[in-house]
Amino acid sequence: MKSKIPVILIFSRLIIGFIIVSLSLIKIENYQAIAVTLLSIGLLTDIFDGIIARHLNVSTQKLRRLDSTVDQIFFVLVGISAFILCPEFFKTNAYKIIILAGAEVLIYLVSFLKFRKEVATHSIGAKIWTLFLFGTLIQVILDCQSVILFNLCFWIGLLTRAEIIAILLILKKWTNDVPSVFHSIQLRKGKTIKKSKMFNS
């Protein structure tokens with residue numbers, strides 16, 4: 001049963017995402033507080049699913065790919081709920097959001113064209129960007145505005161998307177959990193890279 005915990009955490013994040021959208025549609029009382037709480041729980045499941053999987057030695061390529069896909073869906077769902085709540089923020093920042101979304105799509109396009117698989121690099125930069133995205137979404141949900149944090153999220157997002165594309169182009173074969181461009185170069189040379197038990201499988 002223990003081996004199923006990471007999968008349960010991954011799918012619970014998916015369920016949480018749909019709950020957040022549903023609650024935004026029905027406009028329940030105290031939605032902001034509930035949404036932020038659920039978003040925080042979702043982030044925690046994202047952090048601990050990988051840690052627990054590695055601790056239980058059940059971290060497989062299939063699990064890491066599933067984790068990446070659910071991460072994408074989860075944050076898209078939270079973004080949709082934020083749009084429902086604060087459409088003006090999205091209209092004001094439409095071009096940056098479109099550019100960022102386009103960069104994300106480009107990552108998947110590169111990965112599918114080269115490896116016929118989705119992205120699952122789980123780079124350190126991407127993890128850092130997730131925290132900025134998390135903070136930005138919370139600020140938007142609570143205040144319907146974000147300037148400094150959103151701009152940081154935008155630029156860090158572009159830089160980390162560019163790094164992931166570089167990682168994909170450098171790798172000779174599809175590999176999950178590549179911490180950085182440096183590590184992808186090492187892998188291309190046929191070397192074994194050192195990964196953190198806490199952050200990478």
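Let me begin with terms: an axis here is a line fitted to C-alpha atoms, for helices over the stretch in contact, and angles run from 0 to 180 degrees between N-to-C directions. Helices are DSSP runs (H or I, at least four residues), numbered from the N terminus. This is a predicted model, in which local features need pLDDT of at least 70 and side-chain atom pairs count only at pLDDT 80 or more, while totals for chains, interfaces and linings use all residues. Residues are numbered from 1 along each chain as its sequence is written, and side-chain values use heavy atoms, with hydrogens and water left out.

Take helix α6, residues 124–143, and helix α7, residues 148–170: their axes come within 9 Å and cross at roughly 155°. The two are therefore roughly antiparallel, a label applied to angles over 145 degrees. Contact, meaning heavy atoms within 4.5 Å, involves residues including Trp-129 and Phe-132 of α6, and Phe-150 and Ile-156 of α7.

Of its 27 residues, Ile-20, Leu-39, Val-78, Leu-137 and Ile-141 touch the most other members. Two or more residues come from each of α1, α2, α3, α4, α6 and α7, and α6 gives the most, with seven. Leaving aside neighbours within four places in sequence, Val-78 is in contact with Ile-20, Leu-39, Leu-137 and Ile-141.

Conventions
Parallel < 35°, antiparallel > 145°, perpendicular 65-115°, else oblique. Core = buried A, V, L, I, M, F, W, Y, C linked by side-chain atoms within 4.5 Å. Buried < 20%, exposed > 50% of the residue type's maximum accessible area, 1.4 Å probe, protein only.
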